[in-house]
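Hi there,

Here is the structure I promised to pass on to you. Have a look at it first, and then read my notes below.

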Amino acid sequence: VNWKNKWYQAARCKDDGDKYVLKGPISSPQGLGIISKGENTHVITADEAVIGYPGTPVICHGLTNATHLNEKIGDVRAIDAKTKQCEIHFEDTNLKPCLVKQTNLRILFELPAN
């Protein structure tokens, strides 16, 4: 996760996914697990985080124009920094990949119970 122009490892979520617990900063997204000296833990709202790394598992929420995608699981394949949208490929292969605003995504730490 990119927060305040530094990379952090998202360790878990709290408050039903509304907040993330971050560890870091880390030296680079490729160096996940390599925490810089002075490791800190931060709790931030999910809307403050920038999901900025392809491969991040996510779940869609709060969509009003594509409500059929709410609660659908996918992963980030690309990020448009200008529009702050992520290209999401869904677990359900019947769904076509689409662009979703970062504010309508939450990092998926555990599979939801059905």
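Let's start at one spot in the chain. Thr93 sits in the loop between strand 7 (85–90) and strand 8 (98–101). Please keep in mind that this is a predicted model. Is Thr93 buried or exposed? Its relative accessibility is 72%, so Thr93 counts as exposed, the cut-off being over 50%.

Thr56 touches Gly74, along with Ile51, Asp75, Val76 and Ile107, leaving out residues up to four places away in sequence. Thr56 also belongs to a loop, the one between strand 4 (35–45) and strand 5 (57–60). Here the relative accessible area is 14%, so Thr56 is buried, the cut-off being under 20%.

Now for the whole chain. How many helices and strands does the chain have? There are zero helices and nine strands, and reading along the sequence gives the pattern β-β-β-β-β-β-β-β-β. The chain has 114 residues, of which 34% count as buried. If you take contacts between residues at least 6 apart in sequence, 39% of them join residues at least 24 apart. The chain exposes about 7200 Å², and carbon and sulfur atoms supply 48% of that area.

Next, the inside. In soluble globular proteins, nonpolar side chains tend to be buried together. In this model, the largest nonpolar core has 21 residues, and Leu22, Ile88 and Leu105 touch the most other members. Strand 3 (19–26), strand 5, strand 7 and strand 9 each supply at least two residues of this core, and strand 7 gives the most, with three.

Finally, the pocket. The largest pocket has a volume of about 310 Å³. Which residues lie nearest its centre? Of the 15 residues that line this pocket, they are Cys13, Asp16, Gly17, Ile59 and Leu108. Strand 2 (6–14) and strand 9 (105–107) are the elements that give two or more residues to the lining. By class, the lining has eight nonpolar, two polar and five charged residues.

Enjoy exploring, and write back with any questions!

Best wishes

Methods. Residues are numbered from 1 along each chain as its sequence is written. This is a predicted model: local features need pLDDT of at least 70, side-chain atom pairs count only at pLDDT 80 or more; totals for chains, interfaces and linings use all residues. Side-chain values use heavy atoms; hydrogens and water are left out. Helices (H or I, at least four residues) and strands (E, at least two) are DSSP runs, numbered from the N terminus. Buried means under 20% relative accessible area, exposed over 50%, partly exposed in between (1.4 Å probe, protein chains only). Contact means heavy atoms within 4.5 Å. Accessible areas come from the Shrake-Rupley method with a 1.4 Å probe; for residues, only the protein chains shown count as cover. On a 1 Å grid over the protein atoms alone, a cavity is a set of points where a 1.4 Å probe fits but cannot get out, and a pocket is an open set with protein on both sides within 12 Å along at least five of seven lines; lining residues have an atom within 4 Å of a point. Grid points are joined across faces, edges and corners, and a volume is the space filled by probe spheres set on the points. Ala, Val, Leu, Ile, Met, Phe, Trp, Tyr, Cys and Pro count as nonpolar, Asp, Glu, Lys and Arg as charged, and the others, Gly among them, as polar. A nonpolar core is a set of buried Ala, Val, Leu, Ile, Met, Phe, Trp, Tyr and Cys residues joined through side-chain atoms within 4.5 Å.
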